[in-house]
Amino acid sequence: MKALLWIVLCAAVVANVSLNLMENNGLHIALSVVSGAVVLASGTGLWMLRREAGPQ
């Protein structure tokens with residue numbers, strides 16, 4: 001599960017960076033919002049799946 005979330009996170013970051021090369025129109029804004037939401041969702045999922053440091 002973590003590997004999939006990392007792949008989705010990396011793909012969404014790359015997509016968001018490459019979207020900056022597009023012209024500013026409605027499609028650009030919509031795709032930017034979607035990729036930003038995917039980044040936030042996958043980052044939150046990874047944060048929730050992290051392992052707590054046990055006593056040492």
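**Labels and their cut-offs**

Q: Why does valine 8 count as partly exposed?
A: Its relative accessibility is 33%. Buried means under 20% relative accessible area, exposed means over 50%, and partly exposed is in between, with a 1.4 Å probe and protein chains only. Therefore valine 8 counts as partly exposed. Valine 8 sits in helix α1. The model is predicted: local features need pLDDT of at least 70, side-chain atom pairs count only at pLDDT 80 or more, and totals for chains, interfaces and linings use all residues. Residues are numbered from 1 along each chain as its sequence is written, and side-chain values use heavy atoms, with hydrogens and water left out.

Q: What makes the nonpolar surface patch?
A: Met1, Leu4, Val8, Val34, Val38 and Leu49 make it, over about 540 Å². The elements giving two or more residues to this patch are α1 (2-19) and α2 (26-48). Patch residues have over 30% relative accessible area and no salt bridge; like charges are joined within 9 Å, and nonpolar side chains (Val, Leu, Ile, Met, Phe, Trp, Tyr) within 5 Å. A salt bridge is a side-chain nitrogen of Lys or Arg within 4 Å of a carboxyl oxygen of Asp or Glu. Accessible areas come from the Shrake-Rupley method with a 1.4 Å probe; for residues, only the protein chains shown count as cover.

Q: Which residues of α1 are buried, and why are they put on the same side?
A: Leu5, Leu9, Ala12 and Leu19 are buried in α1. They cover an arc of only 95° around the axis, so they lie on the same side of α1. The arc is that of the directions from the helix axis to the C-beta atoms. The face turned away from this buried side carries the exposed residues Ala3, Ile7, Val14 and Val17. What covers the buried residues of α1 includes α2.

Q: Why is serine 42 called buried?
A: Its relative accessible area is 2%. That falls in the buried class, so the label holds. Serine 42 is in helix α2. It touches Leu5, Val8 and Leu9, not counting residues up to four places away in sequence. Contact means heavy atoms within 4.5 Å.

Q: Why is alanine 37 partly exposed, whereas asparagine 20 counts as exposed?
A: Alanine 37 has a relative accessible area of 44%, so it takes the in-between label. Asparagine 20 has 55% relative accessibility and therefore counts as exposed. Alanine 37 is found in helix α2. Asparagine 20 lies in the loop between α1 and α2. These two residues are 17 residues apart along the chain, and their C-alpha atoms are separated by 16 Å.

Methods. Helices (H or I, at least four residues) and strands (E, at least two) are DSSP runs, numbered from the N terminus.
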